[in-house]
Amino acid sequence: MAPAAARPLPDILAAMASKTDADTALVKKAYEFSKEAHKDQRRFSGEPYFFHPAEVGFFLAEAGMDAEAIAAGLLHDTIEDAGVKPQSISDEFGASVLRLVEGVTKLGTLRYRGLERHTESLRKLFAATAKDIRVLIIKLMDRLHNARTLEHVPRPEKRIRIALETLEIYAPIADRLGMSVTKQELEDAAFPHAYPEDYKKMLSLLKERGGEREKRMEKVERDLKRELGQAGVRNFRTEARIKGTYSLFRKLQRKNWDIDKIYDVLALRVIFPAVADCYTALGIIHAQWRPVPGKIKDYIAFPKPNGYQSIHTTVYTGDGSALEIQLRTEAQHREAQYGIASHLTYKEAQSGSGGGRGGLDWVRQFFPAWRKSAKDPGAAPVRGTVPDWVKELAHADQVEASEEYLDTLKTDFFSHRVFVFTPKGDVIDLPIHATPIDFAYAVHSDLGNKMSGARVNGKMVSLDTELRNGDVVQVVTKPSAKPSRKWIDNAKTNMAKKHIRAALSALQKNEPKR
Ligand code: MN
């Protein structure tokens, strides 16, 4: 049902992380400015247009973003859709709010059509993001509200395109930024429009056994509270985690639609004050219920590259079924919700290049995979808040065809990932099915070009070996080594393929003519 009024200003102010007078004044002014600018416009739904930016501003406040980002969210469509002059945005709200608004603004409608235009917008989005990561987060919230109102988009092809793009590009970006709430919200909004038949099928499957599943979880929850209490652990809270509809669908596809094989449709989350409590609880849980072998994942000791930390275990519940339990601290829980967004303050959001460099240790702690720039191994560690992958997308070869650019986005950056380690313990994340060749080129192109072999977990392996999560990969180099044509087939990432092709053609040029 459509809401009767735009999201009121007090909701936004209440959700803001910082409530200084200057911050609330800026947001208040942007709210009124946007309302006035859009006053004669309507959305497809027939609602006043201002409903949209007001909601985007609210999402940003909820995610813990700063006042400038919230103001830019409220103003994000004023230039493109309401004819406001860029100059008046900068006069009223300052240069950095204008930069954010312009970063989010799509390209003009004249020069590009269809895929071309869309790819160009994405490229521009990443270019703006490379300067200020807040642009990407505003764009995600803009997309979230658009995805939630998809039923009003009249043309079905357009509706499906927006839904697919949300699933394939925007939700994975949210995931890479550790914004799990936003990721799930994007997926849940888009999934029914992208795959309506599958969505219906899944809902009916869920309904069939839903009651049983809930009862089973409640019983484990009761027993667990008792066990923990008897062991003297009393300071904790529990909550049910319901799997998002789209990630459940993806899992159902992998399990031939057998929902009984999926143990985390519902999961039990237990949240403690300290990390030590999580390990104590894990011991108590495993003493009471037998864990399912191979399903214990310690993301506290080994955080995911997007910063996610929790212990997951799946236990047999004694009735032929099993249940996933997730253990984490309050701080880890907060971070798991909004990831990078909850860490951004005005100063930290400045780009690493030019001014604004600061001691951003939190970046490393939050993004352990952030490493020296892949292009320049001698450079100082990345100190901005912009991940390398965003920069790579921003600087992607301008002549790269649109199809190829979208392919790169989907396969290199957002498909299922494996996380492997360098011998020094740095995390490198790669697409699933990646080989040591991809690993070498992800670390540095010179490493790839001089590779003569690879060790995985201490053993020499062939270069077409598929890497698995947690593998420690060591590249063996020889000064005389050079890439072979066969590597192109063995590589999974477009980045590796591109470097191999470049190295091969350079070799050919230097070959003496006969
Ligand atoms: Mn918008």
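How many salt bridges does a search of the whole structure find? It finds 24. A salt bridge here is a side-chain nitrogen of Lys or Arg within 4 Å of a carboxyl oxygen of Asp or Glu.

Some ground rules. This is a predicted model, where local features need pLDDT of at least 70 and side-chain atom pairs count only at pLDDT 80 or more, while totals for chains, interfaces and linings use all residues. Residues are numbered from 1 along each chain as its sequence is written, and side-chain values use heavy atoms, with hydrogens and water left out.

Now, one of the salt bridges. D66 pairs with R134, and the closest N and O atoms are 2.8 Å apart. D66 sits in the loop between α3 and α4 (67-75), and R134 sits in helix α9, so the pair ties together parts that are 68 residues apart in sequence. Helices are DSSP runs of H or I, at least four residues, numbered from the N terminus. Both D66 and R134 are buried. Buried means under 20% relative accessible area, exposed means over 50%, and partly exposed is in between, with a 1.4 Å probe and protein chains only.

Next, the metal. Which residues are the protein donors of the manganese ion? They are H52 (NE2), H76 (NE2), D77 (OD) and D142 (OD), lying 2.2 to 2.4 Å from the ion. H52 lies in helix α3 (residues 51-62) and D142 in helix α9 (residues 134-148), so this pair ties together parts that are 90 residues apart in sequence. Donors are N, O and S atoms within 2.8 Å of the metal (3.2 Å for Na, K and Ca); water is not among the atoms, so sites may look incomplete. H52 counts as buried, at 1% relative accessibility. D142 is buried too, at 7%.

Look at D142 again. Its side chain also meets K139 in a salt bridge, 3.7 Å from N to O. Both lie in helix α9, three residues apart, about one turn of the helix.

Last, the rings. The search finds 11 aromatic pairs. Rings of Phe, Tyr and Trp (its six-membered ring) pair if their centres lie within 6.5 Å; planes under 30 degrees apart are stacked, over 60 edge-to-face, and the rest tilted. Y31 and F50 are edge-to-face: 4.9 Å centre to centre, with 85° between the planes. Y31 is in helix α2 (residues 21-37), and F50 is in the loop between α2 and α3, 19 residues apart. Y31 is buried, at 5% relative accessibility. F50 is buried as well, with a relative accessible area of 6%.

Key: Helix = DSSP H or I, 4+ residues; strand = E, 2+ residues; numbered from the N terminus.
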